[in-house]
Amino acid sequence: MKKIFIIFVLGSTAVLSSMNSIAGPHFDRGEDARGGWQGRGLDNSDNENRMRERRMREERGVERLKQHRWQAGYVMPQHYRGNGYKVDYKQNNLPKPGRNEQWYKINNDYILVNSDDNSIIRIVGF
């Protein structure tokens, strides 16, 4: 019984080790140069079409934001709340903002916003 068990263990070990050597290295499976399956089956025209569609969607979004009508009482969209849109009231000849208020310049309009609730207080167009 002991001999049968030893033969079985040695045989299964030999079979398993031979299967690993048959598998070969991972880069022989048709993967791309980065080591993944991302590029498999896609040609450059598909990628170019996707990039073109993405650019068009982004441009439509920017145009839509440019057409936005600002109105006192509205909430300022989060997209515009960054430091890149903030302006100094002195340099732009604007009235001094009150406490918790900030001037923003968006599409040639100066917008005074309450910093607490992001509501638009006043709009000045030049």
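Me: Which residues is Tyr104 in contact with, leaving aside its neighbours within four places in sequence?

Reply: Contact means heavy atoms within 4.5 Å. Tyr104 meets that criterion with Met76, Tyr80, Arg81, Gly82, Tyr85, Lys86, Val87, Asp109, Tyr110, Ile111 and Val113, its neighbours within four places in sequence being left aside. The model is predicted, so local features need pLDDT of at least 70 and side-chain atom pairs count only at pLDDT 80 or more, while totals for chains, interfaces and linings use all residues. Residues are numbered from 1 along each chain as its sequence is written, and side-chain values use heavy atoms, with hydrogens and water left out.

Me: What makes Tyr80 buried and Tyr85 partly exposed?

Reply: Buried means under 20% relative accessible area, exposed means over 50%, and partly exposed lies in between (1.4 Å probe, protein chains only). Tyr80 has 5% and is therefore buried; Tyr85 has 27% and is therefore partly exposed.

Me: Why is the pair formed by Tyr80 and Tyr85 called edge-to-face?

Reply: Rings of Phe, Tyr and Trp (its six-membered ring) pair if their centres lie within 6.5 Å; planes under 30 degrees apart count as stacked, over 60 as edge-to-face and the rest as tilted. A search of the whole structure finds one aromatic pair. In this pair, Tyr80 and Tyr85 are 5.1 Å apart centre to centre, with 80 degrees between the planes, and the label is edge-to-face.

Me: What makes a set of residues a nonpolar core, and which residues form the largest?

Reply: A nonpolar core is a set of buried Ala, Val, Leu, Ile, Met, Phe, Trp, Tyr and Cys residues joined through side-chain atoms within 4.5 Å. The largest has eight residues: Trp70, Met76, Tyr80, Tyr104, Ile106, Ile111, Val113 and Ile120. S1 and S2 are the elements that give two or more residues to this core. A second, separate core of seven residues includes Leu94, Tyr110, Leu112 and Val124.

Me: How do you know that S1 and S2 pair?

Reply: Strands are DSSP runs (E, at least two residues), numbered from the N terminus, and two strands pair if DSSP finds at least two bridges between them. Six bridges join S1 to S2 (residues 109–114), and the two run antiparallel. Lys105 stands opposite Tyr110 in S2.

Me: Why is Asn118 called buried?

Reply: Its relative accessible area is 18%, so Asn118 falls within the buried class. Asn118 lies in the loop between S2 and S3.

Conventions. Helix = DSSP H or I, 4+ residues; strand = E, 2+ residues; numbered from the N terminus.
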